Number of protein chains: 2
Amino acid sequence: MSSSISRLAAIAACGVMGLTAMTSNANAQATGFPTAEESDPNTMGWMTGFPPPPELRITNPDSVFFSFPRMRWSVCHLREFLPTEQVSRGLGAPMPMEYALDDGIDAVTFRPLRGDVEEMTWEESLNANYTDGILILHRGRIVYERYLGCLTEAGQHAAMSMTKSFTGTLAEMLVAEGALDDTLLVSEIIPELEPSAFGSATVRQVMDMTTAFEFSEDYGDPNAAIWVYNAAASPFPKPDDYDGPEGYFEYLTTVGPDPEGIQHGQEFHYRTPNSDVLGWIISRVSGMEVTELLSERIWSRMGAEQDAYMTVDGVGTPFAGGGLSAGLRDLGRFGQIILNGGEWNGEQLIPAAAIENIRGGGDLDAFAAAGYADLAGGSYRGQWWIFNNEHGAFAARGVHGQTIYIDPTAEMVIVRFASFPIAFNSRIDPTSLPAYQAVAEYLMAQ
Amino acid sequence: MSSSISRLAAIAACGVMGLTAMTSNANAQATGFPTAEESDPNTMGWMTGFPPPPELRITNPDSVFFSFPRMRWSVCHLREFLPTEQVSRGLGAPMPMEYALDDGIDAVTFRPLRGDVEEMTWEESLNANYTDGILILHRGRIVYERYLGCLTEAGQHAAMSMTKSFTGTLAEMLVAEGALDDTLLVSEIIPELEPSAFGSATVRQVMDMTTAFEFSEDYGDPNAAIWVYNAAASPFPKPDDYDGPEGYFEYLTTVGPDPEGIQHGQEFHYRTPNSDVLGWIISRVSGMEVTELLSERIWSRMGAEQDAYMTVDGVGTPFAGGGLSAGLRDLGRFGQIILNGGEWNGEQLIPAAAIENIRGGGDLDAFAAAGYADLAGGSYRGQWWIFNNEHGAFAARGVHGQTIYIDPTAEMVIVRFASFPIAFNSRIDPTSLPAYQAVAEYLMAQ
């Protein structure tokens with residue numbers, strides 16, 4: 001491992017943690033890490049002082065900008081470490097959101113999954129989950145809004161793998177509009193992927209992550225795919241002796257078939273390179289980068305308050321699987337549009353068929369094979385997680401606790417940014433999913 | 001020179017070209033480079049395709065992102081190569097600008113300096129200067145606006161050394177408000193600079209660039225100050241054997257006295273590290289980074305349409321001497337505020353005394369010693385160029401043709417973004433300064 005690449009372990013995290021998310025069924029327990037209060041970046045004083053003294057610095061060369069507790073600061077400052085592309089809000093006036101704040105929500109109680117804690121209030125759950133920002137919309141109005149940790153209302157926070165759901169939504173839009181045929185083989189759209197395992201998958205299999213390909217996440221093996229992927233993705237100057245792939249797209253052309261003979265369509269495997277393939281497909285079909293299409297179709301039309309941005313690789317390709325950072329209320333706008341079936345301010349921003357397709361869910365058997373205890377009975381469709389619960393809820397999810405949780409029955413959208421110390425949503429879901437359900441029931445009773 | 005640093009020649013450019021600007025008195029002539037039309041980045045097709053084919057790529061590791069003609073694309077995309085910090089516009093609605101377009105301006109004629117061309121129209125001057133965007137305000141209304149090359153109305157362009165005038169204006173504000181005493185020695189505010197040549201200069205000498213210090217720009221000498229400065233400024237992971245200063249501020253502490261015995265206050269020398277010292281002073285005094293203070297005091301209060309941003313070094317310090325990128329009309333707003341004596345929309349955004357101080361100009365003798373033929377009789381004050389011409393014009397200026405040109409007599413502000421192939425304003429001024437004067441006279445006659 002050359003020094004320049006190993007230094008990029010932090011970058012790796014952006015992809016890695018997306019990849020490893022939700023693959024453990026460990027019980028929710030004390031993390032062994034400092035609490036949310038103890039690790040509050042404002043208390044820690046990261047990057048204060050001119051210049052910050054060495055012990056308060058968070059820098060790229062230190063390889064630690066995405067390690068806990070520094071990560072609690074870095075999630076609000078990714079652009080200060082990495083090259084990025086703008087997702088423009090356009091030049092118009094933001095569309096204000098309506099408020100109907102409900103001060104009863106903090107006291108809503110719920111029982112965490114797997115019984116580690118008898119009962120917990122919504123308010124207690126915020127720090128239990130290292131929440132940085134949380135917004136609840138009910139019937140289109142903001143009923144709850146909090147900023148903690150590094151986030152302010154004018155800040156942007158790493159969406160992590162929630163990025164996938166934006167990429168997936170753009171793809172579903174193109175499918176619904178007839179611009180993208182999801183039954184085609186990937187190689188029919190991206191001939192460069194013909195030699196790769198992805199070439200023989202259908203676009204739909206990529207969208208729903210039922211592709212099969214070789215992808216070792218054995219961090220101890222310097223030749224493991226995850227390291228090749230990370231090195232390719234690095235936007236920094238490569239070492240002189242680097243001869244690996246350059247950028248996400250070139251990496252994708254090198255991916256081999258599943259070594260155990262698993263075929264496309266058999267099993268759901270949550271693996272970020274699928275989202276990069278989808279980003280490539282979107283760009284080839286639309287003629288625009290994911291950042292441009294996201295701005296053109298969504299961000300510049302939803303009355304966003306802030307530009308968003310995406311990290312890029314060394315050839316300027318946005319990270320479609322995890323690179324987005326954005327403001328809390330802007331994700332609330334997006335979630336509400338999805339809940340609205342694509343309608344926003346009198347305009348059909350997203351075809352209703354695209355959202356119906358997502359809500360219809362993916363292959364249940366393929367998903368069951370992945371064995372997510374807390375998501376049993378669920379599925380994955382168009383890069384969204386479908387819970388198949390009584391309320392028909394579905395979500396964008398990112399490691400460290402990011403979510404856009406949409407409950408159509410309760411007419412509720414919850415957006416959460418967080419910086420939970422461990423990169424497993426299975427550690428966070430026990431004090432999150434039942435909390436969302438409890439707030440949904442509370443709001444329905446109002 | 002280690003590989004990782006030499007690869008950063010492109011970054012160096014950001015500082016270097018600021019430093020070398022306006023030090024030549026060469027005649028305006030054909031540049032020998034492709035014309036503006038030939039080098040138009042839209043024609044060249046830079047970074048088109050998914051991924052861009054190698055011959056159309058502009059990447060950091062190639063060291064060429066800031067070389068002509070690639071530079072004509074890169075000036076609109078600095079954030080895609082470098083870590084940056086946001087200069088937030090806040091979350092409110094932009095304040096629209098009034099229009100009173102005047103289609104007579106294109107035909108205004110002028111005689112270029114030094115007689116290489118007999119006569120030229122304003123319209124001809126745009127491509128002669130590789131203009132990417134130009135805005136003319138007369139009595140507060142937009143009378144002329146063009147986007148060429150890489151720039152659109154929703155894009156941001158590198159301001160290059162115009163950044164200094166923003167830094168300088170912030171400093172003049174703090175002086176006018178009594179928060180900063182410009183008669184103090186730098187070391188009285190920044191004790192870390194006591195061992196450096198800057199420690200014994202006054203704040204005012206830093207603001208007006210009449211400091212004396214060792215600063216070799218001998219690019220052939222790998223130990224020249226310019227290389228040490230560039231290496232320190234790089235935001236990328238340093239080579240393992242790097243033992244130089246980390247970041248702008250640490251570099252500044254290492255700067256020695258002028259080797260020829262020149263003392264502070266004697267001569268004007270246009271050298272970017274002064275602006276970095278000033279950024280440090282501003283941050284120490286205000287408790288905010290330059291980005292934060294610029295947002296807090298200006299950007300979030302002027303009805304800006306877009307966020308701006310600044311590049312940062314490896315410890316998160318914004319490049320106060322050249323790191324700003326912004327939208328054309330937002331620089332127009334700023335220029336108009338300066339012309340208005342600091343008043344904007346009924347509010348005194350900048351103390352009138354701060355702007356009076358700038359307009360009053362700097363030390364004429366110190367400036368004359370620098371020998372700028374096209375700026376004879378001028379001066380430099382608070383990081384602004386004072387022409388001392390009949391109209392009392394003054395300007396922010398950056399290499400490759402950037403300017404905010406303010407003509408109080410004509411009640412005119414001109415903002416230009418450009419990507420002239422050569423980093424000397426002395427090559428651009430002959431077809432710019434007389435053109436500005438001719439348009440001023442035209443507008444006064446309307």
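## Relation of the two chains

In this predicted model, chain A is superposed on chain B by a rotation of 180° with 0.0 Å of shift along its axis, at an RMSD of 0.0 Å. The two copies are therefore related as by a two-fold rotation axis. Both copies use the same surface, since 98% of the contact residues of chain A recur in chain B.

## Packing of α6 and α14 in chain B

Two packed helices are described by the angle between their axes and the distance between the axes. For helix α6 (residues 162-176) of chain B and helix α14 (residues 352-360) of chain B, the axes come within 8 Å and cross at roughly 120°. That angle makes α6(B) oblique to α14(B), and the crossing of the two is right-handed.

On the side of α6(B), the residues that take part are B:Thr169, B:Glu172, B:Met173, B:Val175 and B:Ala176, and in α14(B) they meet B:Ala353, B:Ala354, B:Asn357 and B:Ile358. Sorted by class, this contact has six nonpolar, two polar and one charged residues.

## Surroundings of B:Leu56

B:Leu56 is located in the loop between α3 (41-44) and α4 (71-74) of chain B. Because B:Leu56 has 15 C-beta neighbours inside 10 Å, B:Leu56 counts as partly exposed.

When residues up to four places away in sequence are not counted, B:Leu56 touches B:Gly45, B:Trp46, B:Met47, B:Thr48 and B:Gly49. The C-alpha atom of B:Leu56 is separated by 9.2 Å from that of B:Arg70, a residue 14 residues apart from B:Leu56 along the chain.

Conventions. Residues numbered from 1 in each chain as written. Chains lettered and ligands numbered in written order. Predicted model: local features only at pLDDT ≥ 70, side-chain atom pairs only at ≥ 80, totals over all residues. Axes fitted to C-alpha atoms, helices over the stretch in contact; angles between N-to-C directions. Helix = DSSP H or I, 4+ residues; strand = E, 2+ residues; numbered from the N terminus. Parallel < 35°, antiparallel > 145°, perpendicular 65-115°, else oblique. Left-handed = near helix turned anticlockwise from the far one by under 90°. Contact = placed C-beta atoms within 7 Å. Nonpolar A, V, L, I, M, F, W, Y, C, P; charged D, E, K, R; others polar. Buried ≥ 20, exposed ≤ 12 C-beta atoms within 10 Å, placed from the backbone. Least-squares fit on C-alpha atoms with pLDDT ≥ 70 in both.
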